[in-house]
Amino acid sequence: MRISRAVAAVALTVAIAAAGCTDHVTGAAQRDPAQPPLAVSEDGYGVVAGFDDAPVRIEIFTEPQCNHCADLQADFGDQIAYYIGVGQLNVTYRPMIFLDEVTDGHSARVSNALFLATGAGATGAQFQRFVEELWADQDPGGPGPSDDEMADMAASAGMPEEAAKRIASGGSAVNVAEMDENNFGFLIDIDPLAGGTPTVYDLVGDEKIDIYDNDWLDRLIES
């Protein structure tokens, strides 16, 4: 069900919630010899990190200036990268830009950089580390990192040189306005009354995940 963007935006602003705390990684999963891929989602507005046949598949709705989204990455980013790397997790990142106050603002440029990172030989696990660095370097209300600074983050995350060059170029990789509208619609379909970022959605179980549960990711993997 879709509701008006104006009404939904109120719910989204009011309902933004913080993620829980980190927990240690358990289990004896072994790394797949093939590296987890990185691609643009079929609809063109998400970035998919991990194998298509991973037993756990989730979507993460996130805003580059959302401090609660930064908390999610700080608390669970390493676990997410680990599970992507061993083939147990597939993550579709769906960026949004509702905190931008100007065209081509902080959130728009960071979101575009995520799409620039695809198609240049980067792996899903490298992309996850890139996400962690971007969300750890937030500048809410400010211009955010420059293209060169984001390219340096990509290199620090282990991405190939070609990916870093594409990010440094600042070229357009996605229509961010259309991306925001599309992903907003998906988010409101998931939870029309309490949609907000970060939201984590279990594509296999067809349900919104309670990220207040400190063990939410381990529970998904174990199930």
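Predicted model: local features only at pLDDT ≥ 70, side-chain atom pairs only at ≥ 80, totals over all residues.
**Cysteines**

I began with the sulfur of Cys69, which lies 3.1 Å from the closest cysteine sulfur, in Cys66, too far for a bond. A disulfide here is a pair of cysteine sulfur atoms within 2.5 Å. The structure holds 0 disulfides. I then checked burial (buried is under 20% relative accessible area, exposed over 50%, partly exposed in between, with a 1.4 Å probe and protein chains only). Cys69 is buried at a relative accessible area of 1%, and Cys66 is buried at 2%.

Residues are numbered from 1 along each chain as its sequence is written, and side-chain values use heavy atoms, with hydrogens and water left out.

**Thr92**

Next I looked up Thr92, which sits in strand β4 (residues 89-95); strands are DSSP runs of E, at least two residues, and helices are runs of H or I, at least four, numbered from the N terminus. Thr92 is buried, with a relative accessible area of 6%. What does Thr92 contact, leaving aside neighbours within four places in sequence? I found Ser41, Gly46, Val47, Val48, Ile58, Glu59 and Ile60, where contact means heavy atoms within 4.5 Å. Val47 is 45 residues away from Thr92 along the chain, yet their C-alpha atoms are separated by 5.3 Å.

**Helix α4**

Last came α4 (residues 124-136): its 13 residues should span 18 Å at 1.5 Å a residue, and the end C-alpha atoms are 19 Å apart, which agrees. The expected span is 1.5 Å times one less than the number of residues. I noted that 10 of the 13 residues in α4 are buried, among them Phe127, Phe130 and Trp135.
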